[in-house]
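Grab a pencil and have the chains open in your viewer. Each exercise below gives you a task, then walks through the solution step by step.

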Amino acid sequence: MKKTTPSQDFIRGIWNENPVLIQMLGLCPALAVTNSVKNALAMSAATFFVICCSSVLVSTCKRFIPNEVRISAYILVIATFVTLADMMLQAYAPAQHKELGAFIALIVVNCMILGRQEAFSAKNNVFRSLLDAMGTGIGFTIALVMMGGFREILGVGAFLEYPLFGPNFEPWVVMVLPAGGFLTLGFILLGMGYFEQRKKAGQADKAEQTA
Amino acid sequence: MTGKNPTRADAAAPEHEAPAAEEVSTLRLMATLTVAGALAGLLIVLVNLHTKPIIDAYKAEQLQQAIYEVMPGVVHYETYYLVDGALSLKIPDGAKESEFKRIYLGYDANDRLKGVAVSRGESGFQDVIQLIFSFDPATRKLLGMKILDSKETPGLGDKIYKDQAFASQFFIGLETPLIPVKIGAGKGLPGEIDTITGATISSKAVINIINHGLDEWVPILERGIPPAPEISGKTETAEAKTGTKEATQ
């Protein structure tokens with residue numbers, strides 16, 4: 001593996017290797033609970049908590065985890081923190097917990113989290129693992145809030161439940177339904193691909209000119 | 001047995017540590033997971049001890065709020081359990097509270113029975129819709145309705161509680177049983193409810209929950225409504241009893 005600096009560990013997950021938009025991990029919650037910004041934020045917060053705690057614990061205990069059972073150990077660690085997040089959300093943010101329903105428990109199987117444990121925390125020290133987890137968590141938050149914002153603005157005509165367009169706006173209901181999740185993700189990825197292509201074309205032009 | 005394994009294996013762990021690439025004993029694999037599982041369980045139990053009371057208190061508070069909300073003018077209420085076909089304030093010793101159906105009898109400031117509230121659920125379009133409604137036991141007229149829990153389709157089925165036009169149809173004094181009709185197709189009969197366009201199943205589910213709830217509870221209430229528990233003196237209790245007589249007619 002290439003040597004990276006701590007700041008690279010942190011930033012990588014936020015944009016260049018954004019878990020949802022680039023790595024295509026954790027798509028299930030990204031599609032399911034982004035029908036409003038509030039839900040997206042609650043989901044992101046729970047995921048952020050789980051990925052940070054799991055990364056710290058896995059990198060701390062990596063010496064004691066035999067290779068053969070590492071995946072089950074990681075899942076156990078992740079599941080524990082998910083259960084804690086589930087109970088705490090239910091106690092302190094019951095309205096949000098009700099909205100997110102089963103998707104909180106499904107954070108366990110978010111491969112974005114397991115992926116970070118296997119690919120990073122199991123090989124790096126606690127500090128760098130935490131940075132990496134935080135970066136990934138923030139990247140996940142950005143992607144979810146982006147989708148949530150897009151869907152809530154079009155599907156409800158509001159942002160964070162604050163109405164934007166007045167009473168005459170006819171909400172585009174499909175955007176808050178599951179189909180809207182796929183449409184939104186598709187368009188966001190399309191946009192990202194377009195800019196990526198233009199950037200590459202621009203770089204190629206530059207290279208030609210210098211040559 | 002499992003209690004002993006981890007400690008033994010833990011002590012042995014450092015010896016196995018050095019040749020990391022070599023095969024690890026099955027015992028150690030089991031021990032690692034056992035210890036990890038036990039620690040995870042312990043952590044969850046500790047947090048649960050802390051959050052459970054908060055969650056329960058919140059749920060109870062929500063229910064209490066809903067009971068007052070659906071019975072306007074009610075100052076206090078009593079929870080009655082259905083024990084062997086009769087209403088009782090107490091459940092038999094050793095029985096679990098959750099096993100009994102219950103009904104909430106609401107009284108006004110004079111301890112007069114104002115209405116009864118029932119919380120029940122039935123299948124909607126996606127999942128069970130849980131709601132609370134209240135009615136006047138004497139006239140069977142509706143007093144109010146509130147959806148407690150629903151996972152109906154956002155934008156369509158969730159109108160059963162987000163759309164005021166639908167919710168406001170369950171007003172005080174509405175005749176029962178409720179009759180679902182399409183918007184514009186009503187014949188002006190008492191008890192007609194306009195269903196939501198695009199969410200007929202959810203709307204009908206709400207109406208069915210109320211109708212079935214009435215079918216279930218009215219016969220029980222007709223057999224006799226317990227008098228208001230003595231709280232605020234004898235005169236009020238007497239008044240409450242006359243109120244009960246009226247109600248049982």
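Predicted model: local features only at pLDDT ≥ 70, side-chain atom pairs only at ≥ 80, totals over all residues.

**Exercise 1. Work out how β3(B) pairs with strand β4 (residues 113-123) of chain B.**

Step 1. Start with the direction: β3(B) and β4(B) pair in the antiparallel sense, over four bridges. Strands here are DSSP runs of E with at least two residues, helices are runs of H or I with at least four, and both are numbered from the N terminus. Two strands count as paired if DSSP finds at least two bridges between them.

Step 2. Look for facing residues: B:Tyr107 sits opposite B:Leu113 in β4(B).

Step 3. Check the turn. The hairpin of β3(B) and β4(B) has five residues between the strands, and B:Asp111 takes a positive phi near 60° there.

Residues are numbered from 1 along each chain as its sequence is written, while chains are lettered from A and ligands numbered from 1 in the order in which they are written.

**Exercise 2. Which strand pairs with β3(B) through six bridges, and is β3(B) enclosed or open?**

Step 1. The partner is strand β1 (residues 76-83) of chain B, which runs antiparallel to β3(B) with six bridges. One of the bridge pairs is B:Tyr81 with B:Arg102 in β3(B).

Step 2. Now count buried residues (20 or more other C-beta atoms within 10 Å of a residue's own, with C-beta atoms placed from the backbone). Five of the six residues of β3(B) (residues 102-107) are buried, so the strand is largely enclosed by the rest of the structure.

**Exercise 3. Describe how α3(A) and α4(A) cross.**

Step 1. The axes of α3(A) (residues 37-61) and α4(A) (residues 70-92) come within 9 Å and cross at roughly 145°.

Step 2. Which residues meet? Among them are A:Ala46, A:Phe49 and A:Val50 from α3(A), and A:Tyr74, A:Val77 and A:Ala85 from α4(A). Contact means that C-beta atoms, placed from the backbone, lie within 7 Å.

Step 3. Sort this contact by class: 13 nonpolar, one polar and no charged residues. Ala, Val, Leu, Ile, Met, Phe, Trp, Tyr, Cys and Pro count as nonpolar, Asp, Glu, Lys and Arg as charged, and the others, Gly among them, as polar.

**Exercise 4. How many residues does each chain bring to the contact between A and B?**

Step 1. Chain A brings 22 residues and chain B brings 21 residues.

Step 2. On the chain B side, helix α2 (residues 26-70) gives the most, with 15 residues.

Step 3. By class, that side has 13 nonpolar, six polar and two charged residues.

Methods. Contact = placed C-beta atoms within 7 Å. Axes fitted to C-alpha atoms, helices over the stretch in contact; angles between N-to-C directions. Buried ≥ 20, exposed ≤ 12 C-beta atoms within 10 Å, placed from the backbone.
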